[in-house]
Amino acid sequence: MPSDLPKAIVEYFEQSRVALALAAAEGDNHLVLVNPPFSRLTGFEPEDVVGRNCRMLQRDAVNAEPRARLREFLSRPNQPNVRTPIVNFRKDGSPFVNLLYMSRLNSIDGRTRYIFASQFDVSRSQPEMLADYNAQLAATLGRLVPIADDAGIVVEGTLMTIANSAAIVAQAKMMLADLEGTPDA
Ligand SMILES: Cc1cc2nc3c(=O)[nH]c(=O)nc-3n(C[C@H](O)[C@H](O)[C@H](O)COP(=O)(O)O)c2cc1C
């Protein structure tokens, strides 16, 4: 655990029920913290991923459009958040479509201190599971605000509501079927 990471934020990540990751704002955005739901989702333990960039989950998937969206977010300090499905692989090699949310944890003076992220397997879900995850992530972000505030950190980017859970899930299932080479009927 990096010594400069506020202890209250680390503890909050540890007890959260949704997958969460935190990366350094500078350099190649190496991961500094992942929580138990992240490990359950991806199969990667903290010692596998901390210190590395999370793009390792993409293996050799092209992901041109989602990566461009993520790079755009990272290069624009005033953009509060980004959300995109992206093809990822678990440690055991099985693919999934990760609905990735990213936002910023800033210092009071507006500089980005950390990049915050949450992951969700949207390809093995039902629309109501996605709606439930979204509500949990919104609550997680809401409860993080006062905890971060105590540590002098501002949580940017309120979670956007998902208007079309069913469409997102249906599209992700088709993408997964393509990846697995099985008929999507
Ligand atoms: C905190 C954080 C968490 C991330 N989590 C994931 C992830 O779970 N899956 C993924 O494919 N990319 C993830 N990314 C995005 C990649 O690290 C990278 O930013 C993205 O692939 C675009 O850059 P690139 O084209 O240089 O790889 C994450 C990034 C950050 C900063």
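This is a predicted model: local features need pLDDT of at least 70, side-chain atom pairs count only at pLDDT 80 or more; totals for chains, interfaces and linings use all residues.
**Entry 1: where two helices meet**

I started with the contact between α5 and α6: P127, L130 and A131 on the α5 side meet S165, A166, I168 and V169 on the α6 side. I noted the make-up of that contact as 6 nonpolar residues, 1 polar and no charged.

Next I looked up the geometry. Two packed helices are described by the angle between their axes and the distance between the axes, so I wanted both. The axes of α5 (residues 127–150) and α6 (residues 165–180) come within 8 Å, and they cross at roughly 115°. I put the crossing of α5 past α6 down as right-handed.

**Entry 2: the nonpolar core**

Which residues touch the most other members of the largest nonpolar core? I found A21, M102 and V122, in a core of 45 residues. The element that gives the most to this core is strand β4 (residues 95–107), with 7 residues. My general reminder for this page is that nonpolar side chains tend to be buried together in soluble globular proteins.

Leaving out residues up to four places away in sequence, A21 touches L31, L33, V34, F38, C54, A117 and Q119.

**Entry 3: around the ligand**

I listed the shell next. The ligand is surrounded by 21 residues, and the closest are A23, C54, R67, I115 and A117. C54 and A117 were already on my page as contacts of A21.

Which element gives the most to this shell? I got α4, with 4 residues. At least two shell residues each come from β1 (19–24), α4 (64–75), β3 (81–89), β4 and β5 (112–119). By residue class, I wrote the shell down as 12 nonpolar, 6 polar and 3 charged.

N29 has one, with phi near 50°. I located N29 in the loop between β1 and β2 (31–34).

R59 is another non-glycine residue with a positive phi, about 45°. R59 sits in the loop between α3 (46–49) and α4.

Are these two buried or exposed? N29 counts as partly exposed because it has 18 C-beta neighbours inside 10 Å, and buried would take 20 or more. R59 has 12 C-beta neighbours inside 10 Å, so it counts as exposed; the cut-off for that is 12 or fewer.

Notes: Residues are numbered from 1 along each chain as its sequence is written. A nonpolar core is a set of buried Ala, Val, Leu, Ile, Met, Phe, Trp, Tyr and Cys residues joined through C-beta atoms within 7 Å. Two residues are in contact if their C-beta atoms, placed from the backbone, lie within 7 Å. A residue is near a molecule or strand if its C-beta atom, placed from the backbone, lies within 6 Å of it. Ala, Val, Leu, Ile, Met, Phe, Trp, Tyr, Cys and Pro count as nonpolar, Asp, Glu, Lys and Arg as charged, and the others, Gly among them, as polar. Axes are lines fitted to C-alpha atoms, for helices over the stretch in contact, and angles run from 0 to 180 degrees between N-to-C directions. A crossing is left-handed if the near helix is turned anticlockwise from the far one by less than a right angle, and right-handed if clockwise.
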